[in-house]
Amino acid sequence: MSNSELACTYASLILYDDGIPVTADKIATIAKAAGVEIEPFWPGLFAKLLETKSVGDLIANVGSGGGGGAAAAPAAAAGGGGPAAAAPE
């Protein structure tokens with residue numbers, strides 16, 4: 001993650017924490033006040049994302065990536081597994 005991304009992330013969190021709507025101008029203002037130079041497209045990208053997604057929802061779902069059960073698939077595909085497969089005929 002680049003410094004610009006981190007600065008926009010922190011600025012967005014600050015705005016959210018203070019109950020202030022997250023806009024590109026406000027993100028850029030906070031980054032400038034912190035003395036961080038950011039590429040001009042980052043604040044707009046973050047603001048656009050946060051128009052549709054709540055910061056609170058993003059925080060609550062940080063570790064909830066999808067995909068449970070993928071580890072069981074290789075064993076089943078290999079035809080291995082149960083007692084019947086291990087018993088000699």
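This is a predicted model: local features need pLDDT of at least 70, side-chain atom pairs count only at pLDDT 80 or more; totals for chains, interfaces and linings use all residues.
**View A. The lining of the largest pocket.** Thr9, Ser12, Leu13, Phe46, Leu49, Leu50, Val55, Leu58 and Ile59 line the largest pocket.

View B. The volume of the largest pocket comes to about 190 Å³. How do the lining residues divide into nonpolar, polar and charged? There are 7 nonpolar and 2 polar residues, and no charged ones.

**View C. A nonpolar patch on the surface.** Here we turn to Met1, Leu6, Tyr10, Leu13, Tyr16 and Ile59, which form a nonpolar patch on the surface. Together, these residues have about 620 Å² of accessible area. Helix H1 (residues 3-17) supplies the largest share of the patch, with 4 residues.

View D. Met1 lies in the segment before H1. Is Met1 buried or exposed? Met1 counts as exposed because its relative accessible area is 71%, and the cut-off for exposed is over 50%.

**View E. The whole chain, for orientation.** Stepping back, the chain contains 6 helices and 0 strands. Followed along the sequence, the pattern reads α-α-α-α-α-α. Of the 89 residues in the chain, 18% are buried.

Definitions and conventions: Residues are numbered from 1 along each chain as its sequence is written. Side-chain values use heavy atoms; hydrogens and water are left out. Patches are made of residues with over 30% relative accessible area and no salt bridge: like charges are joined within 9 Å, nonpolar side chains (Val, Leu, Ile, Met, Phe, Trp, Tyr) within 5 Å. Accessible areas come from the Shrake-Rupley method with a 1.4 Å probe; for residues, only the protein chains shown count as cover. A salt bridge is a side-chain nitrogen of Lys or Arg within 4 Å of a carboxyl oxygen of Asp or Glu. Helices (H or I, at least four residues) and strands (E, at least two) are DSSP runs, numbered from the N terminus. Buried means under 20% relative accessible area, exposed over 50%, partly exposed in between (1.4 Å probe, protein chains only). On a 1 Å grid over the protein atoms alone, a cavity is a set of points where a 1.4 Å probe fits but cannot get out, and a pocket is an open set with protein on both sides within 12 Å along at least five of seven lines; lining residues have an atom within 4 Å of a point. Grid points are joined across faces, edges and corners, and a volume is the space filled by probe spheres set on the points. Ala, Val, Leu, Ile, Met, Phe, Trp, Tyr, Cys and Pro count as nonpolar, Asp, Glu, Lys and Arg as charged, and the others, Gly among them, as polar.
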